[in-house]
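Let's take a walk through this one, starting with a strand and ending with some rings.

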Amino acid sequence: MTISVRKAAAVAAVAALSAALTACGGGTGASNTGGQARMGTSATPSGSASPQPGSPSPQSGQPGTPQAGAPGKAPTMAPGPNGLTPVFERAKQRTDKTVALTFDADMTSDQGPRAAKGEHFDNPELISTLRTLKVPSTVFMTGRWAEEYPDQAKSIGTDANFEIANHSYSHHAFKAPCYGLPTLDEAGARADVDRAFEAFRKAGAVNTVPYFRFPGGCYDDQALRAISTAKVTAVQWDVVSGDAFAKDPDAVAEQVLSGVKPGSVVVMHCTRSAAPVTEEAIRKIVPELRKRGYRFVKVSELIGK
């Protein structure tokens, strides 16, 4: 009986993770009650990011020195109605042929044992390919991922080609229901955001930005209110890659290529076990979009337009 219960629990956990990862890159935000109308339209760029509360200030004698883990100076959006966290989906300037490829580095707070048994939640080959192809990218990283792969987090977070954004610490939900993920309360939500930035700091990541992506893409007004004091801009997407658990890189590439428009944000994954064909798809996507006249940028450049 005990073994059966454990097996059932394990199956349920895998199913929940699969649904959540698919949701991160497999939906358009329809479950985000109260948030859909604000996506990309609620505010205008404020010009510079507010510092993360509690972040270390620049060292004495070194003004402006980037601090590991502290969100750097980057464009943010003004707060939405009643001070809610603003939500960005696609650039307002939609004539310039720019596109932002974003990669969710997902790992939940309880997946350590799976990593210890050899499951790969990282994808160094993908990062290497992005470097080789010289594709500026934004990586939405969970704090737990940074703890599991601190050397990679530091490498990504000190490379000018990349910027690291916050994807929570635990990859738990900020709104219920959300694909079976455990749900954080309001206090827990804000603490989870802070804990992720702290994990980036401990890893030595410097190129961090004040952007946040909700696990599963699930949010509502209560979630936006819960993290409003973190002074982050929530970043969704308008192009779903479909790379989560995909087996055909050509299908992933075609889905991205058919969906990209000027100013688009594409959501993909930086997790080998959950998105095994992403790197191969990138090698098809990048040259084709460049042939079409597109320029790759980080999310910070899109928000700054």
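Start with Val-139, whose bridge partner in S4 is Ile-164. Keep in mind that this is a predicted model. That pairing belongs to a parallel arrangement: five bridges join strand S3 (residues 137-141) to S4. On to strand S5 (residues 208-212), which also runs parallel to S4 and is joined to it by two bridges. Here Asn-166 has Phe-212 as its bridge partner in S5. To get from S4 to S5, the chain passes through helix H6 (residues 186-203), making a right-handed β-α-β crossover.

S4 itself (residues 162-166) is mostly covered, with five of its five residues buried. Phe-162, Ile-164 and Asn-166 point one way, Glu-163 and Ala-165 the other, and all are buried.

Now for the rings. There are six aromatic pairs in the structure. One of them is Phe-174 with Phe-212, a tilted pair at 5.1 Å centre to centre with 55 degrees between the planes. Phe-174 sits in the loop between S4 and H6 while Phe-212 is in strand S5, so this contact ties together parts 38 residues apart in sequence. Both residues are buried.

Phe-174 also pairs with Phe-214: the ring centres are 5.6 Å apart and the planes lie at 75 degrees, so this pair counts as edge-to-face. Phe-214 is in the loop between S5 and helix H7 (221-226), 40 residues from Phe-174.

Arg-195 has its charged end over the ring of Tyr-169, 3.8 Å from the centre, and Arg-213 lies over the face of Phe-140, at 4.0 Å from the ring centre.

Notes. Residues numbered from 1 in each chain as written. Predicted model: local features only at pLDDT ≥ 70, side-chain atom pairs only at ≥ 80, totals over all residues. Heavy atoms only, no water. Buried < 20%, exposed > 50% of the residue type's maximum accessible area, 1.4 Å probe, protein only. Helix = DSSP H or I, 4+ residues; strand = E, 2+ residues; numbered from the N terminus. Pairing = 2+ DSSP bridges. Right-handed = clockwise from strand over helix to strand, strands pointing away. Phe/Tyr/Trp six-rings, centres within 6.5 Å; stacked < 30°, edge-to-face > 60°. Lys NZ or Arg CZ within 6 Å of the ring centre and 35° of its normal.
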